[in-house]
Amino acid sequence: MSEIVVSHGYGSSSDSVWFPYLTEQLAAAGHRVTVPLLPETAAPRLEPWRKAYGEAVLAAGPAESTVLVGHSIGGVNVLRFLEQHDPETQGVFAGVLLVATSAHEVGYDELAEFFQGGFDWERIRRSARQFRVLQAMDDPVNQPDPTEHVRLLVGSLGATAVVTPTGAHFGATPDDHVEVPEAVRLVTELLAA
């Protein structure tokens, strides 16, 4: 059994957007999905989010059989967690999937601290075997050019990207339940690699 640990986005929870669908699909294939509730979801702070997510990841199981998934600012939280992860002593993760994740600030003042100082891409790359990016061209958050975020993430992480023509932010609001088969496929791909 493999572990999948999801970092939800702004204002979200384990029951938001495509997380129930992802959980159902991957559980049917024998995997365990954890979506820890991060503190103060309506007013995210980097340090408490990184800490809470990190505790859930380290409790899940060995890094080599764990895939990390982040949605929106949750993807940035995954990157910030990986910056502090020590692959030498804690292992290298099987993979990382970033869904509708911004590569730089996109105008949300309350989330600015997640982007301050840029990213230590080299350290992040060493912490996982593979990276995948899923982005929709009609994403209302990663504007004006969603492909710019994809290019930055792909170039910085050596990631493989899937860009869909539609899908918006893969869940417009936390209670917007959607099915994202592409996310299931990409996680499955990371687990099989």
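Reader: Is Glu55 buried, partly exposed or exposed, and what is its relative accessible area?
Author: This is a predicted model, so the value is computed from predicted coordinates. Buried means under 20% and exposed means over 50%, with partly exposed in between. Glu55 falls in that middle class, therefore it counts as partly exposed, with a relative accessible area of 46%.

Reader: Which residue forms a salt bridge with Glu55, and how far apart are the closest N and O atoms?
Author: Look within helix 2, residues 46–60. Lys51 and Glu55 both lie there, four residues apart, about one turn of the helix. Lys51 is exposed, at 53% relative accessible area. The partner is Lys51, and the closest N and O atoms are 2.7 Å apart.

Reader: How many salt bridges does the structure hold?
Author: Side chains of opposite charge can pair when their charged atoms come close. The cut-off used here is a side-chain nitrogen of Lys or Arg within 4 Å of a carboxyl oxygen of Asp or Glu. By that rule the structure holds ten.

Reader: Which parts of the chain does the salt bridge between Glu3 and Arg32 link?
Author: The two side chains meet at 2.8 Å, N to O. The residues are 29 apart, and the pair links distant parts of the chain. Glu3 is in strand 1, residues 3–7, and Arg32 is in strand 2, residues 32–34.

Reader: Are Glu3 and Arg32 buried, partly exposed or exposed?
Author: The cut-off for buried is under 20% relative accessible area. Glu3 is at 5%, so Glu3 is buried. Arg32 is at 37%, so Arg32 is partly exposed.

Reader: Which residues are linked with Arg185 in a network of salt bridges?
Author: Start with the pair in helix 7. Arg185 and Glu182 are three residues apart there, about one turn of the helix. Their closest N and O atoms are 2.5 Å apart. The residues linked with Arg185 in the network are Arg132, Glu182 and Glu189.

Reader: At what angle do helix 1 and helix 7 pack?
Author: Two packed helices are described by the angle between their axes and the distance between the axes. Helix 1 spans residues 19–28 and helix 7 spans residues 181–192, with their axes 10 Å apart. The two helices are oblique to each other. The angle is about 45°.

Reader: Is the crossing of helix 1 and helix 7 left-handed or right-handed, and which residues make the contact?
Author: Helix 1 passes helix 7 in a right-handed crossing. Helix 1 contributes Tyr21, Leu22, Gln25 and Leu26. By class, the contact has seven nonpolar, two polar and no charged residues. From helix 7 come Pro181, Ala183, Val184, Val187 and Thr188.

Reader: Which residues does Leu157 touch, not counting residues up to four places away in sequence?
Author: Leu157 is in helix 6, residues 146–157. At 4% relative accessible area, Leu157 is buried. Trp121 is 36 residues away in sequence, but 6.6 Å away in space, C-alpha to C-alpha. Leu157 touches Leu79, Leu98, Trp121, Ile124, Arg125 and Phe131.

Reader: Which residues is Thr66 in contact with, leaving aside neighbours within four places in sequence?
Author: Thr66 lies in strand 3, residues 66–71. Thr66 is buried, at 0% relative accessibility. The contacts are Glu3, Val5, Gly61, Phe93, Ala94 and Gly95.

Reader: Where is Phe170, and what is its phi?
Author: Most residues other than glycine have a negative phi, and most peptide bonds are trans. Phe170 sits in the loop between strand 6 and helix 7. Phe170 is buried, at 7% relative accessible area. Although not a glycine, Phe170 has a positive phi of about 55°.

Reader: Which peptide bond is cis, with omega near 10°?
Author: Look in the loop between strand 5 and helix 6, where Pro144 is found. The cis bond runs from Gln143 to Pro144.

Key
Residues are numbered from 1 along each chain as its sequence is written. This is a predicted model: local features need pLDDT of at least 70, side-chain atom pairs count only at pLDDT 80 or more; totals for chains, interfaces and linings use all residues. Side-chain values use heavy atoms; hydrogens and water are left out. Axes are lines fitted to C-alpha atoms, for helices over the stretch in contact, and angles run from 0 to 180 degrees between N-to-C directions. Angles under 35 degrees count as roughly parallel, over 145 as roughly antiparallel, 65 to 115 as roughly perpendicular and the rest as oblique. A crossing is left-handed if the near helix is turned anticlockwise from the far one by less than a right angle, and right-handed if clockwise. Contact means heavy atoms within 4.5 Å. Ala, Val, Leu, Ile, Met, Phe, Trp, Tyr, Cys and Pro count as nonpolar, Asp, Glu, Lys and Arg as charged, and the others, Gly among them, as polar. Buried means under 20% relative accessible area, exposed over 50%, partly exposed in between (1.4 Å probe, protein chains only).
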